[in-house]
Amino acid sequence: MRGRHLDAYSAYKRVASKDHINAYDREEGSVGLVNAKGIGNPSWRRSLPHMLVATLSSFLFGYHLGVVNETLDSISMDLGFSGNPLAKGLVVSTCLGAAFFGSIFSGWILDGVGHRRAFQLCALPMIIGASMSATTKSLWGMLLGRIFVGTGMGIGPPVAAIYVSEISPAFVRGTFGSFTQIATCLGLMGSLFIGLPAKDIVGWWRVCFWVSTVPAAVLAVCMEFCAESPQWLFKRGRGTEAEAEFEKLLGAAHVKFAIAELSKSDRGDELEAVKFSELLYGRHFKMVFIGSTIFALQQLSGINAVFYFSSTVFKSFGVPSDLANICVGIANLSGSVVAMILMDKLGRKVLLLGSFSGMAVAMGLQVTGASSYASGSGALSLSVGGMLLFVLMFSLGAGPVPSLLLSEILPGRIRAKAMSICMAVHWVINFFVGLLFLPLLEQIGPIVLYTIFATFCLLAVIFVKRNVVETKGKSLQEIEIALIPPQ
């Protein structure tokens, strides 16, 4: 099969990889050799349905993150642990711990069974776990259900990020990648609104868990009709099937060209098993280090402390928790929509720099609000306004960009396993920030703690400026050749 495209492959190899990438950079609005051949861009409408189905996993991720926010008190009363703060913490943390283990194994699952089956393996524990939580009569049943759900939550994000990047045309890959963040926001807001009656209707929390089984079942069923990633098929030597999926995603006119692009980055080692040691040193280490560091800085900025404990801050100023969660959700969703619009216009690096810079400023406002220089309405405006600005700026770049960027810069051979390692770092930092935020807030105070968060935001700006490359408008194969020249 590959011999059929040997001429195109040879033509590519006559051009030095760096010059090849620079040539694309000089062409405004270029999306690769598709335009160079005068064919034009493939239709984004072909890959849109496949992307939307994949983002159901992100919706479920957001839904299960927020489903216990409004319902935890009702759950604890019905299951008999209302006076046990440790048990309440376990209902939340067991899900995060299971997500860590799910994310670690996601890369091996994806490489082993492909994207479609990986999505279904993500949906299955979510259906089982949500059903167990909805029907349980004890704390232990709830915790077991949360472990199943958390496992699916850990598998979903890396698989979705990689799948969307691999099925999307280059000129809309950033826009499509942003849909995963929007879906997460919608899931969070959906769980909030569905959980509102839980305080007034006995047993309503069970309905909240049952509801989540519907999108999970839709994801599992619809994946039977979605395209498999052509890159994954090509790596497995299944070139004919890869061509068929490219035709489904891009149209017949673009198939030959897309296969040639894949051949261009083929180093002959695609079928070799990826060793864990390859991710920790050698020529792949830099990309894994960049990805892990970006995720670590994302979490060390304090974003999940804001998400988890924003209602506590709002309550201290007399703002109801329901209103607080709605405001935070609207800020998060609004920024994500703007990011979707700008992702393929301004680029990933610009959004990351602007996002982390804005987050540092927002933390500065919260520091001022917590200081003695502000009091009364001024402190309220600075603290609440700073928090909402922080969430808005996060959703403009630091939220949606890292997973998209990693799915672009990681070489195809190690992409799945390297992404799972980076996501595992994300979950570890997430866990410890959530665990230590309140104790640190009590011991060192908000001024010092928020200053630490702002410092990490500024460190992120410096790191992104020095280490992140722009990937806007380039195919995954162009990016791979530019970052890792053939040996």
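Buried residues account for 57% of the protein's 487 residues. The model is predicted. Its secondary structure comprises 23 helices and zero strands. Among contacts between residues at least 6 apart in sequence, 83% join residues at least 24 apart.

**Surface and cysteines**
- The protein exposes about 19,500 Å². Carbon and sulfur atoms supply 66% of that area.
- The disulfide count is zero.
- Cys122 has a relative accessible area of 0%, so Cys122 is buried, the cut-off being under 20%.
- Cys422 is buried too, with a relative accessible area of 0%.

**Helix 22**
- Helix 22 spans residues 415-467 and has 53 residues.
- Its end C-alpha atoms are only 18 Å apart. A straight helix would reach 78 Å at 1.5 Å a residue.
- A kink of about 115° lies in helix 22 at Gly445.

**Helix 6**
- Helix 6 covers residues 72-79. Its buried residues include Leu72, Ser74 and Ile75. Ser76 and Leu79 are buried as well.
- These buried residues pack against helix 7 (85-113), helix 9 (139-167) and helix 11 (204-222).
- Gly80 follows helix 6. The phi of Gly80 is positive, near 80°.

- Thr71 sits in the loop between helix 5 (56-66) and helix 6.
- Thr71 counts as buried because its relative accessible area is 0%.
- Setting aside neighbours within four places in sequence, Thr71 is in contact with Gly195, Ala198, Trp205 and Cys208.
- Thr71 and Ser191 are 120 residues apart along the chain. Their C-alpha atoms are separated by 9.6 Å.

**Ser178, in helix 10**
- Ser178 belongs to helix 10, which runs over residues 173-195.
- The relative accessibility of Ser178 is 1%, so this serine counts as buried.
- Beyond its neighbours within four places in sequence, Ser178 is in contact with Ala339, Met340 and Met343.

Definitions and conventions: Residues are numbered from 1 along each chain as its sequence is written. This is a predicted model: local features need pLDDT of at least 70, side-chain atom pairs count only at pLDDT 80 or more; totals for chains, interfaces and linings use all residues. Side-chain values use heavy atoms; hydrogens and water are left out. Helices (H or I, at least four residues) and strands (E, at least two) are DSSP runs, numbered from the N terminus. Buried means under 20% relative accessible area, exposed over 50%, partly exposed in between (1.4 Å probe, protein chains only). Contact means heavy atoms within 4.5 Å. Accessible areas come from the Shrake-Rupley method with a 1.4 Å probe; for residues, only the protein chains shown count as cover. The expected span of a helix is 1.5 Å times one less than its number of residues. The bend at a residue is the angle between axes fitted to the seven residues ending there and the seven starting there. A disulfide is a pair of cysteine sulfur atoms within 2.5 Å.
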